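Welcome, and please take a moment with the sequence and the model before reading on. The report below starts with the whole chain and then visits a few individual places.

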Amino acid sequence: MATRQTVRVGRTTLGYAECGDLRGRPVLLHHGLIGNSALPDRWDVYGRGMGVRLIAVERPGYGASPPLEMGAVAEWAELAEGLMDALGVEEFDVAAISAGAPYGYALAALLPRRVRRLWVLSGLPYVHDDAIRGLYPQDSLTAWEFYRQAPLPDIAAGFAAAAPRWAQVFAELPLMLSALEEIGAHDFLGPAREAKLQVRPWGFELSQVRAPVRLWHAPADEQIPLAAVEATAALLPRAEIFEQQDPSHVPSEETVYELFRSLAAEG
């Protein structure tokens, strides 16, 4: 079971948790738009069995990480590097789920000497690009235009208004309910900032990501069009896409197991 902790990094504090084989291959994990560093027990079991040291980090406004003003996704690289320095980890892999994907790309692009591989599960595409964002349905485009223009408190208020509906969706998922409560304790400034940064310039180009990238995505994903993921992968020098058969946006049990199996195979 992962123990959640905090560490001072530069101008802020980051929450994180470690599980799996603490002497194994280090992997820095990024949660989605609703999430924190708490993970299902099976992730710990997989990590222990396959020699993976999983380090789940909470971005600003999530879990034990207080909200922090950020001008671009690229600013995450300095914070994440500070965390890994504090943990004594030099080289590591990066994994990212859904809205965590931009932050995984940032580390691979901006910390090329430290990031060995990038693993993306149901990842958000490069939606700053007009053409890629245009592959989404109109209701998503309308939301992003609001995120681009609206003040951060207004965006946060929108997420707060949606929280009861999300709580119903997560009714049988205690880890997600707990994460939602923690985000609410930060006045929903975490997901509000992330939504705004998604459509702003990320602060780096995907062509800078030289590490190998493996993406898992369901063709029937109800939240992220596969075409947008394919267009994003085309901008990456060394990317492969693998289909998740389960149509859900949530990474399936098979996809999670394949992630750990692939990590173990890479040594």
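## The chain as a whole

Accessible areas here come from the Shrake-Rupley method with a 1.4 Å probe, and for residues only the protein chains shown count as cover. On that basis the protein chain exposes about 11,400 Å², and carbon and sulfur atoms supply 52% of this area. Please keep in mind that this is a predicted model, in which local features need pLDDT of at least 70, side-chain atom pairs count only at pLDDT 80 or more, and totals for chains, interfaces and linings use all residues. Residues are numbered from 1 along each chain as its sequence is written, and side-chain values use heavy atoms, with hydrogens and water left out.

The secondary structure comes to ten helices and eight strands (DSSP runs numbered from the N terminus, with H or I over at least four residues for helices and E over at least two for strands). The radius of gyration of the protein chain is 17 Å, close to the 18 Å from the globule rule for 267 residues, so the chain is as compact as a globular protein of that length. That radius is taken over C-alpha atoms, and the rule is 2.2 Å times the number of residues to the power 0.38. Along its principal axes, the C-alpha trace spans about 45 × 40 × 35 Å.

Buried residues make up 55% of the 267 residues; buried means under 20% relative accessible area, exposed over 50%, and partly exposed in between (1.4 Å probe, protein chains only). Of the contacts with a separation of 6 or more, 78% come from residues 24 or more positions apart, where contact means heavy atoms within 4.5 Å.

## Where α5 meets α8

How do the axes of helix α5 and helix α8 cross? The axes of α5 (residues 138–149) and α8 (residues 189–199) come within 8 Å and cross at roughly 100°. That makes α5 roughly perpendicular to α8. Axes are lines fitted to C-alpha atoms, for helices over the stretch in contact, and angles run from 0 to 180 degrees between N-to-C directions. Angles under 35 degrees count as roughly parallel, over 145 as roughly antiparallel, 65 to 115 as roughly perpendicular and the rest as oblique.

On the α5 side, Trp-144, Tyr-147, Arg-148 and Gln-149 meet Ala-195, Lys-196, Gln-198 and Val-199 of α8. The residues of this contact divide into four nonpolar, two polar and two charged (Ala, Val, Leu, Ile, Met, Phe, Trp, Tyr, Cys and Pro count as nonpolar, Asp, Glu, Lys and Arg as charged, and the others, Gly among them, as polar).

Gln-198 is buried, at a relative accessible area of 9%. Beyond its neighbours within four places in sequence, Gln-198 is in contact with Leu-33, Ala-99, Leu-124, Val-127, His-128 and Trp-144.

## Loops worth a look

Between α7 (174–185) and α8, the loop holds Asp-187, and Phe-188 lies in that loop too. Asp-187 has a positive phi of about 60° although it is not a glycine, and phi of Phe-188 is near 60°. Is each one buried or exposed? Asp-187 counts as exposed at 54% relative accessibility, whereas Phe-188 counts as buried at 9%.

Arg-59, in the loop between β4 (52–58) and α2 (76–86), counts as buried at 0% relative accessibility. Leaving aside neighbours within four places in sequence, the contacts of Arg-59 include His-30, Trp-76, Tyr-103, Arg-193 and Glu-194.
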